[in-house]
Amino acid sequence: TVLTDYAAFHHADPKVWIFGTGDEKEIDSLTSAFSVYRQTEGGTISHGLATALINRNGIIKRIWRGNAWTPAEAAAAIEAEK
């Protein structure tokens, strides 16, 4: 419910954004696997950003840290995996 409200408030396009959650152990496992920090700050959660390219076999092929990557760079990486 919290993430649904958050997405609506920020007009998140469901064709682009998928919000998910889990219990604290699952979240810690996922954020640890991608080396993304997560901490609570004043009632909200602050976190790092990582974008992963995962192939059809579930293998992580590339991870971009932060938001400095471009769509063209991601598209080239996807094409290289074909």
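Where is the place of Ile-27? In this predicted model, the place of Ile-27 is in helix 2, and at 24% relative accessibility Ile-27 counts as partly exposed.

**Aromatic rings and the nonpolar patch**

- The count of aromatic pairs comes to three, and ring pairs link Tyr-6, Trp-17 and Phe-19 into a cluster.
- One of these pairs is formed by Tyr-6 and Phe-19, whose ring centres are 6.0 Å apart and whose planes stand at 70°, so the pair is edge-to-face, the cut-off for that class being over 60 degrees.
- Tyr-6 lies in helix 1, which covers residues 2-9, while Phe-19 lies in the loop between helix 1 and helix 2, so this pair ties together parts that are 13 residues apart in sequence.
- Trp-17 and Phe-19 form another pair, with ring centres 6.1 Å apart and planes at 25°, so this pair is stacked, because planes under 30 degrees apart count as stacked.
- In terms of accessibility, Tyr-6 is partly exposed with a relative accessible area of 45%, Phe-19 is partly exposed at 33%, and Trp-17 is exposed with a relative accessible area of 53%.
- The residues Tyr-6, Trp-17 and Phe-19 also belong, together with Leu-3 and Val-16, to a nonpolar surface patch of about 520 Å².
- Leu-3, which contributes to that patch, is found in helix 1 and counts as partly exposed at 31% relative accessibility.

**Helix 2 and its ends**

- Helix 2 spans residues 24-33, and of its ten residues the number buried is one, so helix 2 lies largely in the open.
- The N-terminal end of helix 2 is capped by Asp-23, a side-chain oxygen of which lies 3.1 Å from the backbone nitrogen of Lys-25.
- Just after helix 2, Ser-35 takes a positive phi of about 55°.

**Residues with a positive phi**

- Most residues other than glycine have a negative phi, which gives a background for the next two points.
- His-11 has a phi near 55°, a positive value in a residue other than glycine; the place of His-11 is in the loop between helix 1 and helix 2, and at 71% relative accessibility His-11 counts as exposed.
- Ser-35 likewise is not a glycine and has a positive phi of about 55°; Ser-35 lies in the loop between helix 2 and strand 1, the latter being residues 38-41, and counts as exposed at 58% relative accessibility.

- Strand 1 and strand 2, the latter made of residues 44-47, run antiparallel and are joined by four bridges.
- Across this pairing, Gln-39 stands opposite Ser-46, which is in strand 2.
- The hairpin has two residues between the strands, and within the hairpin Gly-42 takes a positive phi near 55°.

**Salt bridges**

- Side chains of opposite charge can pair when their charged atoms come close.
- In this model the count comes to four salt bridges, among them the one in which the side chains of Arg-38 and Asp-28 meet at 2.2 Å, N to O.
- Arg-38 lies in strand 1 and Asp-28 in helix 2, so the pair ties together parts that are ten residues apart in sequence.
- Both partners are described as partly exposed, Arg-38 with a relative accessible area of 29% and Asp-28 at 34% relative accessibility.
- The side chains of Glu-73 and Arg-62 also meet in a salt bridge, at 3.1 Å, N to O.
- This pair links distant parts of the chain, with Glu-73 in helix 3 (residues 71-80) and Arg-62 in strand 4 (residues 60-65), eleven residues apart.
- Glu-73 counts as partly exposed at 29% relative accessibility, and Arg-62 is partly exposed with a relative accessible area of 35%.
- Lys-82 forms a salt bridge with Glu-79, the closest N and O atoms being 3.0 Å apart; Lys-82 counts as exposed at 74% relative accessibility, whereas Glu-79 counts as partly exposed at 48%.

Methods. Residues are numbered from 1 along each chain as its sequence is written. This is a predicted model: local features need pLDDT of at least 70, side-chain atom pairs count only at pLDDT 80 or more; totals for chains, interfaces and linings use all residues. Side-chain values use heavy atoms; hydrogens and water are left out. Rings of Phe, Tyr and Trp (its six-membered ring) pair if their centres lie within 6.5 Å; planes under 30 degrees apart count as stacked, over 60 as edge-to-face and the rest as tilted. Buried means under 20% relative accessible area, exposed over 50%, partly exposed in between (1.4 Å probe, protein chains only). A polar contact is a pair of N or O atoms within 3.5 Å; within protein, one must be able to donate a hydrogen and the other to accept it, and residues adjacent in sequence count only if both atoms are side-chain atoms. Patches are made of residues with over 30% relative accessible area and no salt bridge: like charges are joined within 9 Å, nonpolar side chains (Val, Leu, Ile, Met, Phe, Trp, Tyr) within 5 Å. Accessible areas come from the Shrake-Rupley method with a 1.4 Å probe; for residues, only the protein chains shown count as cover. Two strands pair if DSSP finds at least two bridges between them.
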